[in-house]
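Trainee: I have the model open and would like to talk it through. Could we begin with the pocket and then move on to the rest?

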Amino acid sequence: MPRLLIVHHSPSRSMQALLEQVVSGAHDPDVQEAGGVEVVVRAALEASADDVLAADGYVLGTTANFGYMSGALKHFFDSTFLAVGGALDPSGAPADGADAGTTAGRPYGLWLHGRYDLTGAERSVHAIVGALGWRQGYDVLGVLGEVDDAALESAYALGATIAALLVD
């Protein structure tokens, strides 16, 4: 059975509500009828390289803090990047993903929540997953301010879509 890894930093009620909907979407009845997906949820500070290597797809959730992803999600990438096949160019910066290793080609989705601007946080995540060679499987869900019903529905769709990509 394919495995979906959801890695998140959810310190607020808003992020927790989005996480719950992503997880619910990953368990969508249509996905389960199509063969199902094992859903593994890990806090960003607890997720390991073994978790990443064992997964067939990923959904990442982060707050947008001072124009960047959360420190917890950055720690996740810092502690797993090379072990899961991340590629660096000669300067030590993330490579373009063309030379990425064992996790290259796997689909991912992303949700972000912030109060002011999500641009830097989204860009920073895309730079790292690009160097891993992961492929974006669904539109980024970016939520500014209060989480409304439309955002919750989009979070459900994000989880369901990435899970469905794994059973196709």
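**Pocket, helices and core**

Mentor: Sorted by class, the lining of the largest pocket holds four nonpolar, six polar and two charged residues, where Ala, Val, Leu, Ile, Met, Phe, Trp, Tyr, Cys and Pro are nonpolar, Asp, Glu, Lys and Arg are charged, and the others, Gly among them, are polar. Bear in mind that this is a predicted model, in which local features need pLDDT of at least 70 and side-chain atom pairs count only at pLDDT 80 or more, while totals for chains, interfaces and linings use all residues. Residues are numbered from 1 along each chain as its sequence is written, and side-chain values use heavy atoms, with hydrogens and water left out.

Trainee: OK, which residues line the largest pocket?

Mentor: The lining consists of P11, S12, T63, A64, N65, F66, G67, H113, G114, R115, Y116 and D117. A pocket here is an open set of points on a 1 Å grid over the protein atoms alone, where a 1.4 Å probe fits and protein lies on both sides within 12 Å along at least five of seven lines, and a lining residue has an atom within 4 Å of a point.

Trainee: And which elements give two or more residues to that lining?

Mentor: Those are β3 (57-65) and β5 (107-114), and β3 gives the most, with three residues. Helices (H or I, at least four residues) and strands (E, at least two) are DSSP runs numbered from the N terminus.

Trainee: Is T63 buried or exposed?

Mentor: T63, which lies in strand β3, counts as buried because its relative accessibility is 9%, the limits being under 20% for buried, over 50% for exposed and partly exposed in between (1.4 Å probe, protein chains only).

Trainee: What about F66, and what is its phi?

Mentor: F66 has a phi near 55°, a positive value in a residue other than glycine. Most residues other than glycine have a negative phi. F66 sits in the loop between β3 and β4 (68-69), and F66 counts as exposed because its relative accessibility is 90%.

Trainee: Switching to helices, which residues of α1 are buried?

Mentor: In α1, the buried residues are S14, M15, L18, L19, V22, V23, G25 and A26. Seen down the axis they fall within an arc of 165°, so they line one face of the helix; the arc is taken from the directions from the helix axis to the C-beta atoms.

Trainee: And which ones are buried in α5?

Mentor: In α5 they are G120, A121, S124, V125, I128, V129, A131 and L132. They cover an arc of only 160° around the axis, which puts them on the same side of α5. A131 in particular is buried, with a relative accessible area of 0%, and its C-alpha is 9.6 Å in space from that of G101, 30 residues apart in sequence.

Trainee: Last topic, the largest nonpolar core: which members touch the most others?

Mentor: Of its 29 residues, V7, L60, L73, F76, F77, V125 and W134 touch the most other members; a nonpolar core is a set of buried Ala, Val, Leu, Ile, Met, Phe, Trp, Tyr and Cys residues joined through side-chain atoms within 4.5 Å. The elements that give two or more residues to this core are β1 (3-8), α3 (49-54), β3, α4 (71-80), β5 and α5 (119-132), and the largest share, six residues, comes from α5.

Trainee: Where does D78 sit?

Mentor: D78 is in helix α4, and it counts as exposed because its relative accessibility is 51%.
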